Amino acid sequence: MNTEKEKRTDKAALFDIVVERMKPYLDNPDVKEDIDEQWDKMEECLMYIDFLVSHKRKVKKETVRRAVGEVANMCVLVSCAFFDKPYDVMKSMSDTYRKKNHDYGDSFHQTVERYGYVSCLTRLHDKLSRLKNKDYLVDETTEDTAKDIIGYLVMTIMEMVVLYMNPEKKERK
């Protein structure tokens, strides 16, 4: 059985894989959708998965695939909207993820396990609100907020990939 440290290392590798899978979209951005429209789609998918999981219903792999796609679209959209070299930014965030996961443990996963995918939406909504209300950014730059959003989106994808690979592991503690 994997130790907690080995699980975190696996997740760090998964972070890299998610970023690599998005590379073609980041290198050739054809972003035409409004952030709010994309956010609504992603929110709908995550709420649906959360409903299925919390009501102990079987989560269909196609549902998870659709949600991963919506979250990935949002990630590409935010990356391309705020950074000239979105792939380079996301690649550098992999180191940040490793450091924070080492310092804080796997708190994002633990929160999803305990409260469901709504916890992903809560964190993302807070950051998106900050981004929309730039005047209220006190202690962080717009770029820092965008990076946080991207990080949360990638971690959300990782949580859904774990669910996709282990659909029987859907009960919360």
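The model is predicted: local features need pLDDT of at least 70, side-chain atom pairs count only at pLDDT 80 or more, and totals for chains, interfaces and linings use all residues. Residues are numbered from 1 along each chain as its sequence is written, and side-chain values use heavy atoms, with hydrogens and water left out. The chain has 7 helices and 0 strands, where helices (H or I, at least four residues) and strands (E, at least two) are DSSP runs numbered from the N terminus.

**Overall make-up**

- Along the sequence, the elements follow the pattern α-α-α-α-α-α-α.
- The chain has 173 residues, of which 45% count as buried; buried means under 20% relative accessible area, exposed over 50%, and partly exposed in between, with a 1.4 Å probe and protein chains only.
- Of the contacts in the chain with a separation of 6 or more, 80% are between residues 24 or more positions apart; a contact means heavy atoms within 4.5 Å.

**Helices α3 and α7**

- Helix α3 (residues 61-82) packs against α7 at an angle of about 165°, with the axes 9 Å apart; axes are lines fitted to C-alpha atoms, for helices over the stretch in contact, and angles run from 0 to 180 degrees between N-to-C directions.
- This angle makes α3 roughly antiparallel to α7; angles under 35 degrees count as roughly parallel, over 145 as roughly antiparallel, 65 to 115 as roughly perpendicular, and the rest as oblique.
- The crossing of α3 and α7 is left-handed; a crossing is left-handed if the near helix is turned anticlockwise from the far one by less than a right angle, and right-handed if clockwise.
- On the α3 side, the residues in contact include Val64, Val68, Val71, Cys75 and Val78. On the α7 side, they include Ala146, Ile149, Leu153, Ile157 and Met160.

**Helix α5 and its partners**

- Helix α5 (residues 107-115) and helix α7 (residues 142-165) pack at about 55°, and their axes are 11 Å apart.
- The angle makes α5 oblique to α7, and the crossing of the two helices is right-handed.
- Phe108, His109 and Val112 of α5 make this contact with Tyr152, Met155, Thr156 and Glu159 of α7.
- The axes of α5 and helix α6 (residues 118-132) come within 7 Å and cross at roughly 125°, so α5 and α6 are oblique to each other.
- Ser107, Phe108, Thr111, Val112 and Tyr115 of α5 meet Val118, Ser119, Cys120 and Arg123 of α6.
- The buried residues of α5 are Phe108, His109, Thr111, Val112 and Glu113.

- Ser119 lies in helix α6 and is buried, with a relative accessible area of 11%.
- Not counting residues up to four places away in sequence, Ser119 touches Thr111 and Val112.
- Ser119 and Thr156 are 37 residues apart along the chain, and their C-alpha atoms are separated by 9.7 Å.
- Ile149 lies in helix α7 and is buried, with a relative accessible area of 0%.
- Leaving aside neighbours within four places in sequence, Ile149 is in contact with Val78, Leu124, Lys127, Leu128 and Leu131.
- Ile149 and Cys75 are 74 residues apart in sequence and 7.9 Å apart in space, C-alpha to C-alpha.
- Thr145 is also placed in helix α7 and counts as buried, at 0% relative accessibility.
- Between Thr145 and Leu128, 17 residues apart in sequence, the C-alpha to C-alpha distance is 8.0 Å.

**Cysteines**

- The count comes to 0 disulfides, a disulfide being a pair of cysteine sulfur atoms within 2.5 Å.
- Cys80 is in no disulfide, and the nearest cysteine sulfur, that of Cys75, is 9.3 Å away.
- Cys80 is buried, with a relative accessible area of 19%.
- Cys120 is buried, with a relative accessible area of 1%.
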